[in-house]
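This report goes through a protein model for a reader who has not seen it before. Please look over the sequence and the structure first.

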Amino acid sequence: MPICLAVTSTAYAADVQCTTADKSAWLPPAQVKAMLEQHGFTNVGAIKPNERKCYVVQATDNTGAKRTLYLDPTDGALRAME
């Protein structure tokens, strides 16, 4: 499954809500980690849900910058990045 690379603005990242789907529809964190690595992210940290129903993870992008990623847990789509 490809990760959507559309990113919302950094100011909006803290307020983004990723899904309304039940947790039974969420991908396993290991699958999301593999997807991120396939898209060039390295040093992918622990993938954790937040109160806005996103997976949140810290990873290093292809420029070497550390980023906080907000992902839709149902398909791994990137919703915001800081």
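## Nonpolar cores

A nonpolar core is a set of buried Ala, Val, Leu, Ile, Met, Phe, Trp, Tyr and Cys residues joined through side-chain atoms within 4.5 Å. The model shown here is predicted. Its largest nonpolar core has 14 residues, and the members that touch the most others are V32, L36, V57, L69 and L71. Two or more residues of this core come from each of α2 (29–38), β2 (55–60) and β3 (66–71).

Leaving aside residues up to four places away in sequence, V32 touches L27, I47, Y55 and L71. There is also a second, separate core of five residues, among them V16, C18, C54 and Y70.

## The disulfide

The structure holds one disulfide. It is formed by C18 and C54, whose sulfur atoms are 2.1 Å apart. In general terms, such a link is a covalent bond between the sulfur atoms of two cysteines.

C18 sits in the loop between α1 (10–13) and α2, while C54 sits in the loop between β1 (48–49) and β2, so the bond ties together parts 36 residues apart in sequence. The torsion about the S-S bond of C18 and C54 is about 90°, so this disulfide is right-handed. Both C18 and C54 are buried.

## Around P49

P49 belongs to strand β1. Its relative accessible area is 44%, so P49 counts as partly exposed. Not counting residues up to four places away in sequence, P49 touches W26, C54 and Y55.

P49 and D72 are 23 residues apart along the chain, and their C-alpha atoms are separated by 9.8 Å.

Key: Residues are numbered from 1 along each chain as its sequence is written. This is a predicted model: local features need pLDDT of at least 70, side-chain atom pairs count only at pLDDT 80 or more; totals for chains, interfaces and linings use all residues. Side-chain values use heavy atoms; hydrogens and water are left out. Buried means under 20% relative accessible area, exposed over 50%, partly exposed in between (1.4 Å probe, protein chains only). Helices (H or I, at least four residues) and strands (E, at least two) are DSSP runs, numbered from the N terminus. Contact means heavy atoms within 4.5 Å. A disulfide is a pair of cysteine sulfur atoms within 2.5 Å.
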